[in-house]
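Colleague: I would like to go through a model feature by feature. Please give the general idea each time, and then the case at hand.

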Amino acid sequence: MVPTEGSMIRPISRGLTLRPAFIIWCILLPFIRLSSGAKTRHFKWEVEYMYWSPDCIENVVMGINGQFPGPTIRAKAGDTVVVELTNKLPTEGVVIHWHGIRQLGTPWADGTAFISQCAINSGETFHYRFKVDRAGTYFYHGHLGMQRSAGLYGSLIVDVAEGEKEPFHYDGEFNLLLSDWWHKSVHEQEVGLSSNPFRWIGEPQSFLINGRGQYNCSLAAQYSNTTSSQCTLRGNEQCAPQILHVSSNKTYRLRVASSTALASLNLAIGNHKMVVVEADGNYLQPFAVNDLDIYSGESYSVLITADQDPSKNYWLSIGVRGRLPATPLGLTILNYQPISASKFPTSPPPVTPRWDDYDHSKTFSKSIFALMGSPKPPTSYDRRITLLNTQNKIDGFTKWAINNVSLALPPTPYLGSIKYGLRNAFDQKSPPENFPDNYDVMRPPINPNSTTGNGVYMFGLNTTVDVILQNANALKDNVSEIHPWHLHGHDFWVLGYGEGKFSTKDEKKLNFKNPPLRNTAVIFPYGWTALRYVADNPGVWAFHCHIEPHLHMGMGVVFAEGVHLVKSIPNEALTCGLTAKFLDKNRG
């Protein structure tokens, strides 16, 4: 039976009204004005390992305050969030990254181990304090090793400031945090990725919706051509699906975020169209879709109207994109009240587009435009860097590299070492800003001269930077993978996508009229993605592929800007490596 109680998501009544499109200042308010009624919201968290059954199979997960996923943070734009985080892990450090929060003035709170702070040691407590300056759909997750894969994540929702309204109407709201799940421990995964011979993690066993999925059984077994058995759930299991209860003819906002470690996903709801209105905390020109591609690190808000036959229920499904599927659909039910949620839909779950139908994915990505009145990019750039994504062998070990440099973070956080001029803390040589002109992205060399490194791209404050993400082949013949790239501390404008190797001829294809502002952007196989951002947030910021094993294997870079202007870095953020010695020496 599909549960009806004890595992439901309850809609939150909103009653908001649509702002007229011609009143531009109404649209801009979320960007430029904060309410005088801002509050400080305090949370006291303990991170620990615990037994849990995310997909009906008991396993060890990383939880917060005995919860998996971690508690949802809900605040209003302009509020200050304070999280008192205590590490209860007996043998390892921990940090938490607040994904999509720009950390204006608080770069030390970004939660990136060895970039913005030291790892929080076992038994220690660290205080994160930061302002959520902009409404939107965000989440948080671990950013040390592969702790996100272990289940360290949760939702972070920022509502509009007091007295403000969204530029669209809805009657209720659901929050969907999507993830993938392995039965192999994260430590075993890490060892395999760092071994020679290389041992890949494999495809996930399950997809989770708000931490709940089903393994070795299916809610929709009756429609399946596999040997999956029908799930029999009472409703109080940790793996029981959370039901989306709706009332006929009401409009609902679905906040959808992907914290997946590997999978690119596609979400669809049987017989229901979705209107996309927000991405990564930025409003969009609304557009309707039958299904939604979402890559790791992305978040969206979509509107659905419960306008179908009210005597039926409907499937919400998530399936894999960009990789040969080896994981069953993740499922839950859209339940039209007052009928029972245990009444199964009469049709099978929506069919996910073929995994390698990249035209479908590109059509979706190219349909995303900023809402009228959103900030526009500068008309020219001061500096352009091109980041070539390749898989390489270094001393026999399989690595991902950017311009043939695989990132290996230093033991001293960059924020402290740059702030205090500790030049021995990392490689002072600037990383390469391009790759050779004769490099063939379709047939790259099998073993180029790759190295590991930890150099930093240094940008002048308020510099306009263009970043060209360039994809190529992996080591395996005729394989080029999807890579979602996430920038900390900023949003960037996505100027465009293209095929093959980027050249100056492609510049005329770029969109400067209404490009969307995002913090995560996908690069498609054998293609390029062009981004523009302004380096206007003093600090040191990670920019990396959001696929967890790819980052673990070195697929990232580090940007720094205006670090000398950063003030009041808490000592507790820098009590490791050379900064610990520096602070101890200067304490007197």
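Modeller: We will take the disulfides, then one glutamine, then a sheet. This is a predicted model, where local features need pLDDT of at least 70, side-chain atom pairs count only at pLDDT 80 or more, and totals for chains, interfaces and linings use all residues. Residues are numbered from 1 along each chain as its sequence is written, and side-chain values use heavy atoms, with hydrogens and water left out.

Colleague: How many disulfides does the structure hold?

Modeller: A disulfide is a covalent bond between the sulfur atoms of two cysteines. Here the term is applied to a pair of cysteine sulfur atoms within 2.5 Å. The structure holds three, and with the bonded cysteines numbered in sequence order the pairing is 1-5, 2-6, 3-4.

Colleague: Why is the disulfide of cysteine 56 and cysteine 239 called right-handed?

Modeller: Its S-S torsion is about 90°, so the disulfide is right-handed. Cysteine 56 sits in the loop between strand E2 (40–52) and strand E3 (59–64), and cysteine 239, 183 residues apart from it, in the loop between E13 and E14. Strands (E, at least two residues) and helices (H or I, at least four) are DSSP runs numbered from the N terminus.

Colleague: Are cysteine 118 and cysteine 576 linked in a left-handed or right-handed way?

Modeller: Left-handed, with -90° about the S-S bond. Cysteine 118 is in the loop between E6 and strand E7 (125–131) and cysteine 576 in the loop between strand E35 (556–561) and helix H6 (577–585), so the link ties together parts 458 residues apart in sequence.

Colleague: Is glutamine 238 buried, exposed or partly exposed?

Modeller: Buried means under 20% relative accessible area, exposed over 50%, and partly exposed in between (1.4 Å probe, protein chains only). Glutamine 238 has 32% and counts as partly exposed. Beyond its neighbours within four places in sequence, glutamine 238 is in contact (heavy atoms within 4.5 Å) with Trp52, Ser53, Gly211 and Arg212. A polar atom of the glutamine 238 side chain lies 2.9 Å from the backbone nitrogen of serine 53.

Note on methods. Polar contact = N/O pair within 3.5 Å; in protein donor to acceptor, adjacent residues only side chain to side chain.
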